[in-house]
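Grab a pencil and have a look at the protein below. Try each exercise yourself before you read its solution.

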Amino acid sequence: MVAILQKHDFLDQATITSLELRGLEAVRELEPRLRTGYIVSASVGDLTKVDVDFLSVRHSLVTPAFRRDASRRGWEVHAWNVNERKDMEAMLDLGV
């Protein structure tokens, strides 16, 4: 995938996301200019060594503390499975 994106000069228009950190690490090694996002569906513990541009997180895991921690690391937070108005408002309030 990285070679195809490079060949077609599409790096600035692509984002690679995955549930697998090893795959994202390989992408980062091959092409550091590609944006990467780690998909988080359950509590994963210490994320201090994760080298990604953003986290794609099940909305129920996004707390004020989680959001603050992500901001300190320079990560965007993208929430998913936001199906209820109250959940959308909560995510907006947190800057997600």
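Predicted model: local features only at pLDDT ≥ 70, side-chain atom pairs only at ≥ 80, totals over all residues.

Residues are numbered from 1 along each chain as its sequence is written, and side-chain values use heavy atoms, with hydrogens and water left out.

**Exercise 1. Find out how many helices and strands the protein has, and in what order they come.**

Step 1: Count the elements. There are four helices and four strands. Both are DSSP runs, numbered from the N terminus: helices are H or I with at least four residues, strands are E with at least two.

Step 2: The C-alpha trace spans about 45 × 25 × 20 Å along its principal axes. For a distance inside the model, take D9, which sits in the loop between α1 (2–7) and β1 (15–18). Its C-alpha atom is 41 Å from that of K86, and the two are 77 residues apart along the chain.

Step 3: Check the cover. Of the 96 residues, 32% count as buried. Buried means under 20% relative accessible area, exposed means over 50%, and partly exposed is in between (1.4 Å probe, protein chains only). D9, at 62% relative accessibility, counts as exposed.

**Exercise 2. Work out which residues of helix α2 are buried and what they pack against.**

Step 1: Go through α2 (residues 21–30) and pick out the buried residues: L24, V27 and R28.

Step 2: Look down the helix axis. The buried residues fall within an arc of 100°, so they line one face of α2. The arc is that of the directions from the helix axis to the C-beta atoms.

Step 3: Turn to the other side of α2, where R22, E29 and L30 are exposed.

Step 4: Find the partners. The buried residues of α2 pack against α1, β1 and β2, with contact meaning heavy atoms within 4.5 Å.

**Exercise 3. Trace how β3 pairs with other strands.**

Step 1: Start with β2 (residues 35–40). Four bridges join β2 to β3, and the two run parallel. Two strands pair if DSSP finds at least two bridges between them. Here V40 stands opposite V57 in β3.

Step 2: Now take β4. β3 and β4 pair in the parallel sense over five bridges. The bridge partner of R58 is W80 in β4.

Step 3: Follow the chain from β3 through α3 to β4, and you get a right-handed β-α-β crossover. Right-handed means that, with the strands pointing away from the viewer, the path from the first strand over the helix to the second runs clockwise.

Step 4: Ask about cover. Four of the five residues of β3 are buried, so to speak a mostly covered strand.

**Exercise 4. Count the salt bridges and say how exposed some of their partners are.**

Step 1: A salt bridge is a side-chain nitrogen of Lys or Arg within 4 Å of a carboxyl oxygen of Asp or Glu. Searching the whole structure gives eight of them.

Step 2: Take R33 and E31, whose side chains meet at 2.7 Å, N to O. R33 is exposed at 61% relative accessible area, while E31 is buried at 5%.

Step 3: D69 bridges to R73, with the closest N and O atoms 2.2 Å apart. D69 is partly exposed at 26%, and R73 is partly exposed at 31%.

Step 4: R85 and E89 meet at 2.9 Å, N to O. Both lie in helix α4 (residues 85–93), four residues apart, about one turn of the helix.

Step 5: Finish with a network of salt bridges, which links R28, D51 and D53.
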